[in-house]
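Hi everyone, thanks for making time.

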Amino acid sequence: MSCLFLREQPVAEGARIIRRAFRINRILRHGQDPLAQRDSVVFERYHFSREGVIYIINLLEPHIKSLTSRSRALTTAQTVCIALRFFASGTFLYTTGDAENLGKSAVCRAIRKVYLALKQFLGVFVVFPSHLRPQVVKQSFFAIAGFPNVIGAIDCTHIHIKAPPGPNEGDFVNRKGVHSINVQMVCDSMHHITNVEAKWPGSVHDSRNFRESHLCTLNVVITTGSWLETGAMPVGSIL
């Protein structure tokens, strides 16, 4: 529609008015240091001590450091702390973004960068039977429970996930009716994780998880006589 008394189209002018009214101003994040808090607050947020967070930052910096400061890119400390906060809380991306004054996409990118960087160090920190000598681990376990020749404690736990799309969605429903991944983990006497298997859907039984795991190929003896429903099975010596 046009009008002889107006220089511009009324519809076009109205659209500009609406765009100006709903224009979202770009909000730049503040440069607050995520570690500029009391030690108790740092641990509550990230489930690591200040020294632990700094160690992770220094470890991952070569892998996640931004190559440019364009658009006020996140620092390595911010990137790591965002991911640690997400991992510690198990909450949603929006919630973590609101807490860190960031958008959902920025939080997602930060978590992905940290996850991929940590994955490269899996074989460095997760070593079976332990970074300690097997005899030291056995002695430590014997001092705890009086059980001989134990080099690890093994159990499975279900990690809840969103229902995945596709025809295999039902495979991830566990016996409690929720979607999960059945994760098998082993720890030594110092509670250090020494083995992880996180590739099976929630419907898979713990026994199959073990039969298909790397531990089974090592001919590790699993003692089931002292099995408790709420506890972990001891892992015996390697044959």
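Predicted model: local features only at pLDDT ≥ 70, side-chain atom pairs only at ≥ 80, totals over all residues.

Okay, let's start with helix α6, which covers residues 104–119. Have a look at how α4, residues 76–89, sits against α6: their axes come within 8 Å of each other and cross at roughly 90°. Angles from 65 to 115 degrees count as roughly perpendicular, so that's what we call α4 and α6. And who's touching whom? On the α4 side we've got T79, V80, I82, A83, F86 and F87, and they meet V107, A110, I111, V114 and L118 of α6. If you sort that contact by class, you get 10 nonpolar residues, 1 polar and no charged ones.

Now, α6 has another partner, and that's α3. Here the axes are 10 Å apart and the angle is about 105°, so α3 and α6 are roughly perpendicular too. From α3, the residues involved are L60, H63 and I64, and across from them in α6 you'll find K113, V114, A117 and L118. By class, this one comes out as 5 nonpolar, 1 polar and 1 charged.

How much space lies in the largest pocket? About 1,600 Å³. Its lining is made up of 34 residues, and the ones nearest the centre are Y115, L118, K119, L122 and V126.

The biggest contributor is α6, with 6 residues. As for what the lining is like, it divides into 25 nonpolar, 6 polar and 3 charged residues.

The structure holds 2 of them. One pairs R50 with D39, and the closest N and O atoms there are 2.8 Å apart. R50 lies in α3 and D39 in α2, residues 39–46, so this pair ties together parts that are 11 residues apart in sequence. The other salt bridge is between K199 and E197, with the closest N and O atoms 3.9 Å apart.

That's my tour, so over to you for questions.

Terms used. Residues numbered from 1 in each chain as written. Heavy atoms only, no water. Axes fitted to C-alpha atoms, helices over the stretch in contact; angles between N-to-C directions. Helix = DSSP H or I, 4+ residues; strand = E, 2+ residues; numbered from the N terminus. Parallel < 35°, antiparallel > 145°, perpendicular 65-115°, else oblique. Contact = heavy atoms within 4.5 Å. Nonpolar A, V, L, I, M, F, W, Y, C, P; charged D, E, K, R; others polar. 1 Å grid on protein atoms, 1.4 Å probe; cavity = no way out; pocket = protein on both sides within 12 Å on 5 of 7 lines; lining within 4 Å. Points joined across faces, edges and corners; volume = space filled by probe spheres on them. Salt bridge = Lys/Arg side-chain N within 4 Å of Asp/Glu carboxyl O.
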